[in-house]
Amino acid sequence: MTKPLLDVRNLHVNVGEKLILRGLNLTVNAGETHVIMGQNGSGKSTLAAAIMGSPMFDVSDGTVEFLGEDITRLSPDKRAKLGVFLSFQNPEEIPGVTVENFLRAAVGAVTGETPRLFKFQKELFAKMDELGLDRVYASRELNVGFSGGEKKKTEILQLLMLNPKLAILDEADSGLDVDAVRVVSDGINKYRNADNAMLIITHNQRLVDDIKVDYVHVLDDKHITLTGGAELISRIADGGFAAVHGDITE
Amino acid sequence: MATTLRNINALAMPTWRRLGVNGAAIELELPTPEPINAPHPTLPSGIIRTHESVLRCAEFKSALSGELAAYIRVHANAGARIRSKRGEIVAEPVTSSYTLGADSPVVVDSNVIFAEAHSSVTLVLFYDSADDSAAFHAGMTRVIAENCADVHVVEVQTLNTATRHFTDFSAVIANGASVSLTRIELGASEVYAGSHMKLEGDKAESRAHTFYFGDGARKLDFNYVARHLGQHSVSTQDAAGALFGRCDKIFRGTIDFVRGASGSVGAESENTLLFSKSARNRSAPLILCGEENVEGSHAASVGKPDAAKLYYMQSRGLSEGDAKRMLTLAMMETALKALPDEDMREKVRAALAARITDNA
């Protein structure tokens, strides 16, 4: 039997003294798309950050395994090299570093070989065209002065260029208009295949309208309280989280 | 015989001595330089050679040291002395490169720029080491910018860490003229750098932008002054850099609004990344107001690299060391834009990357 891509067991995460996640379990296999839903402050972004290895959070108990390897204590760059990717809700601005130079260095770091310039540029521009990102942005400083939509598209550009095994998308649709959401969901669909997997964190239905979802998890009271199929999304969209409270068995 | 130079980079207005920022006193053997084989730079059309005598019509002040300035004047064994002709806008830079080492252990260069009215000129000065031997560099650039002239000076030094480096810049800036100085200081055991911008005319402008890299037990000592005399004159002083090891750095920035400099604006800012707990960083901003209707500002950011930025970069596969290297190189990019040639920029990037790698 193949090992799951991601296996989170009994995860406890703190920020200082405050417990954000308590005993969370989650398994993601290759080829699957999972959606995490939950109210504001329920810990969705904390889960994403804990899987990526953010130093701002403290994993006080439990484990995170990736392809059978315990990565709970690994630094973020080592996780990225194994194939974990996080699309940030609020991507950092990196003054002085162009999108192109940053991505070329990142691809080199992840693959262990700096790509040849012209081949890399060709691929980068092709992906920028697909996402409707003006090629001028390749020579702009990363996220500096970008609109919310441009930042989100640049995150998806990084996803497509780095081609990780697991993509965690944290509010990839927040602040986007309807057309931009479609561009982002198209990008996500281009990434998706039978060998990789996605963990999509979202508040609303728009982003996943055009994406085939396998599992939906509701995060509440510091852990996953309900897991179901894609139909949960529309039920929550129609009636709020109260509409699915009756399904919670624990 | 060793000489003690007092008041190197002296603060324009001394403060409490216990702060240790008033100036430096150093023991120094001032060598008598031998002639060096430094060809006179190629001059583009619109630029002609000139003599020190053109400077007689202006009064210069050294922010580094009057004593050292006098030494450089007397003992210079190199230097570019150039004049841009009235109305000539010359984009092509004049470049002087010096390679210090066993064959050229002492370089003392005195540079002169006389920019006639409505002309534009760029001088690029490169100082590098051929080997690991101890050497000595002292240089001085004096600039006269006549009405509406535009002068750019870029100094880049990638000297080895056995070499002492002294550099002084002073400019007298007339009505509507603009002078910019960009310094990239990557090497040398000791760096003493001064700049004195005298904004004599109305609407005169000066910009001093510095990038520094410090590591080991090296010492970096800067003293920049913008003296506003003309009305509606504008000055900026920006410094950015990264400190590793036990490096000791001080940056003194003075904006001096003289009575009558009404409507003038001066701004200074500093951004220092500290990569080591043992590195010492001192900033001494000073704004002197002899005139009421002026605007002076100071901003400083000193600290460790932003943890959120490092995490973001690491999440893309870059190691912590790679991320720090990239952030430091990024800080230099603003200064590098002043270099007119991409090959030069690449050379400087490579020099810094190598020095950061040595400290990773």
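## Legends to the close-up views

**B:Tyr98 counts as buried, at 6% relative accessibility.** Buried stands for under 20% relative accessible area, exposed for over 50% and partly exposed for what lies in between, with a 1.4 Å probe and protein chains only. The model is predicted, so local features need pLDDT of at least 70 and side-chain atom pairs count only at pLDDT 80 or more, while totals for chains, interfaces and linings use all residues. Residues are numbered from 1 along each chain as its sequence is written, chains are lettered from A and ligands numbered from 1 in the order in which they are written, and side-chain values use heavy atoms, with hydrogens and water left out. Over all chains, a search of the whole structure gives 14 aromatic pairs (Phe, Tyr or Trp rings, the six-membered one for Trp, with centres within 6.5 Å; planes under 30 degrees apart are stacked, over 60 edge-to-face, the rest tilted). B:Tyr98 and B:Tyr127 are stacked, because their ring centres are 5.6 Å apart and their planes meet at 15°. B:Tyr98 belongs to strand β5 (residues 94-100) and B:Tyr127 to strand β7 (residues 120-129) of chain B, so the pair ties together parts 29 residues apart in sequence. Helices (H or I, at least four residues) and strands (E, at least two) are DSSP runs numbered from the N terminus. B:Tyr127 is buried too, at 1% relative accessibility.

**B:Phe136 and B:Phe166 make a tilted aromatic pair, 5.7 Å centre to centre with 40° between the planes.** B:Phe136 comes from strand β8 (residues 136-145) and B:Phe166 from strand β10 (residues 164-173) of chain B, so this pair ties together parts 30 residues apart in sequence. B:Phe136 counts as buried at 6% relative accessibility, and B:Phe166 is buried with a relative accessible area of 0%.

**A:Phe88, A:Phe102, B:Tyr311 and B:Tyr312 form one aromatic cluster.** The cluster takes in residues of chain A and of chain B.

**In chain B, the charged end of B:Arg18 sits over the ring of B:Trp16, 4.9 Å from its centre.** A charge sits over a ring if NZ of Lys or CZ of Arg is within 6 Å of the ring centre and within 35 degrees of the ring normal. The charged end of B:Lys347 is likewise over a ring, that of B:Phe126, 5.0 Å from its centre.

**The largest cavity holds about 60 Å³ of space.** The structure has three cavities of 30 Å³ or more. On a 1 Å grid over the protein atoms alone, a cavity is a set of points where a 1.4 Å probe fits but cannot get out, and lining residues have an atom within 4 Å of a point. Points are joined across faces, edges and corners, and the volume is the space filled by probe spheres set on them. The lining includes A:Phe85, A:Leu162, B:Ser315 and B:Arg316. It divides into six nonpolar, two polar and one charged residue (Ala, Val, Leu, Ile, Met, Phe, Trp, Tyr, Cys and Pro are nonpolar; Asp, Glu, Lys and Arg charged; the others, Gly among them, polar).

**The second largest cavity holds about 40 Å³.** Its lining residues include B:Phe251, B:Glu268, B:Glu270 and B:His298. Strands β16 (248-257), β17 (264-274) and β18 (280-289) of chain B each give two or more residues to this lining. Three lining residues are nonpolar, four polar and two charged.

Notes:
1 Å grid on protein atoms, 1.4 Å probe; cavity = no way out; pocket = protein on both sides within 12 Å on 5 of 7 lines; lining within 4 Å.
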